[in-house]
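I opened this entry to keep track of what I looked up in a two-chain model. The notes follow the order in which I looked.

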Amino acid sequence: MTCPDPIAWDTLVDYWAADLDPTATDDVEDHLFGCPACTAAAARVAAITEALRAALPPVLSRARIEQLRTRGARIRENTFSPGQRREVLFARDADLLIHRLAGLDLAQADRVDFRITDEATGDLIAAVEAVPFDPAEGAVYVACQRHYGTLPADTVMSVAVHAPGTPPRTATYTILHRFE
Amino acid sequence: MQAPDSELVRAIAAGTREARAAEAELCRRFAPRIRLYGLRHLRDEDRARDLVQSVLLAVLQAARAGRIADPERVDRFMLGTSRNVAQRMRDGTSANAGDGPLATIPADVDDKPERADLAALVRCVSRLDDRSRQVVMLSFNEERPSDEIATRLAISTANVRVVRHRAIAALRRCLDGHKEADA
């Protein structure tokens, strides 16, 4: 199964990013419907882009958590204070663990960044800039998902609060995940 | 050598002994293409699967009735039908494919499409450099347009695209490496 004039990888990525103009989009689709080889290549790109699209971001707003709860997600919440280090259990009957990283002064914050690293090695596991936050709550909400079970269990979560005219302030929380 | 698509359409229209096998083969060939179209335009795996069923049903009915004027271009007919049905689904005017007629579509058209291993994907994303990670997450998880990403990261739109092309290729290689390691 080969194509004499395959669609370029870059074009397929742009197609899945919805970053082609309508004519170019039509051209890609005309080609795909007549070409099993390029369909297979497009499916290899889509497997990644659509998984990224569907993935729940690691940091959620309170409104998003309530929306998930309304849809029937079984959610357990744990609250952490800055500097705290303790275990949390991802129980078998939970779909989602929410770590409420509290004790933050967010009243003047204009941006909050989040990083999670392996406690043992310091290796970066994930970093997200400009996460959702609610100034009144003084907390950000980290969504620990069951498929994270294969990632390092003992983690350091850092929250950097940016406010105009002051250097960023960082709070850390050490969370040791145990999966049932 | 496998029969061309046009031969399958003609066998279906003729209602020969081979018609049933031709229908199954036509569905097997086009289901992945319709599914991808559905994923891209309907943004939902379940709706994409509904689209596959509705389009195949409509095309098989047309083929049986000899209404596919140019069997050589059945791929265009499939695409046109996909566009129409997807548009009706977006408008909320599409009738469900129905329980009865669904039975006429071969049950094995679902070719078990690849699903990325989410844990492996998280790990692969974490191995990207900061800029690449930002670009792929803003592009696909937050669905931000390239010009907005460019402004936010203070780079050109062309640069956003180049970073994204390379990052998705790197994620593909990383996921393939995980699969080989698991095999």
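**Entry 1**

I began with H3(A) and helix H2 (residues 19–42) of chain B, whose axes come within 10 Å and cross at roughly 40 degrees. Axes here are lines fitted to C-alpha atoms, for helices over the stretch in contact, and angles run from 0 to 180 degrees between N-to-C directions. H3(A) and H2(B) are therefore oblique to each other. I noted the cut-offs: angles under 35 degrees count as roughly parallel, over 145 as roughly antiparallel, 65 to 115 as roughly perpendicular and the rest as oblique.

I also looked up the hand, and H3(A) passes H2(B) in a left-handed crossing. That term applies if the near helix is turned anticlockwise from the far one by less than a right angle; clockwise would be right-handed.

Which residues of H3(A) and H2(B) make the contact? From H3(A) I listed Pro36(A), Thr39(A), Ala42(A), Ala43(A), Ala46(A) and Glu50(A). From H2(B) I listed Arg29(B), Pro32(B), Arg33(B), Leu36(B) and Leu39(B). By class, this contact has seven nonpolar, one polar and three charged residues. The classes are: Ala, Val, Leu, Ile, Met, Phe, Trp, Tyr, Cys and Pro nonpolar; Asp, Glu, Lys and Arg charged; the others, Gly among them, polar.

**Entry 2: how I read the model**

This is a predicted model, in which local features need pLDDT of at least 70, side-chain atom pairs count only at pLDDT 80 or more, and totals for chains, interfaces and linings use all residues. Residues are numbered from 1 along each chain as its sequence is written, and chains are lettered from A and ligands numbered from 1 in the order in which they are written. Helices (H or I, at least four residues) and strands (E, at least two) are DSSP runs, numbered from the N terminus.

**Entry 3: the whole interface**

I then widened the view: 38 residues of chain A are in contact with 36 residues of chain B. Contact means that the C-beta atoms of two residues, placed from the backbone, lie within 7 Å. On the chain A side, the elements giving two or more residues are helix H1 (9–16), helix H2 (22–33), helix H3 (36–54) and strand E6 (124–128). H3(A) gives the most, with 14 residues. I found that this side of chain A divides into 23 nonpolar, six polar and nine charged residues.

**Entry 4: helix H1 of chain A**

Is H1(A) largely enclosed or largely open? Six of its eight residues are buried, so H1(A) is largely enclosed by the rest of the structure. They are Thr11(A), Leu12(A), Val13(A), Asp14(A), Tyr15(A) and Trp16(A). A residue is buried if 20 or more other C-beta atoms lie within 10 Å of its own, exposed if 12 or fewer, and partly exposed in between, with C-beta atoms placed from the backbone. Ala18(A) follows H1(A) and has a positive phi, near 55 degrees.

**Entry 5: the five-strand sheet of chain A**

I traced an open sheet of five strands in the order E3-E9-E8-E5-E6, with mixed pairing. Strands pair if DSSP finds at least two bridges between them. E3 and E6 are the edge strands, each pairing on one side only. The twist averages 25 degrees from one strand to the next.

I went through the pairs:
- Strand E3 (residues 85–90) and strand E9 (residues 166–179) are parallel over six bridges, and Val88(A) stands opposite His177(A).
- Strand E8 (residues 154–163) runs antiparallel to E9(A), with nine bridges; Val156(A) stands opposite Thr174(A).
- Strand E5 (residues 111–118) joins E8(A) by eight bridges, antiparallel; Phe114(A) faces Val159(A) as its opposite residue.

E8(A) and E9(A) form a hairpin with two residues between them, and Gly165(A) in the turn has a positive phi of about 80 degrees.

**Entry 6: the four-strand sheet of chain A**

I found another open sheet, ordered E1-E7-E4-E2, with mixed pairing. Strand E1 (59–60) and strand E2 (75–80) each have a single partner strand, so one side of each is left without a neighbour in the sheet. Helix H4 (residues 62–70) packs on this sheet, touching E1, E2, E4 and strand E7 (140–145), and its direction makes about 150 degrees with that of E2(A).

**Entry 7: chain B**

Last, I checked chain B, which has nine helices and zero strands. Buried residues make up 36% of its 183 residues.
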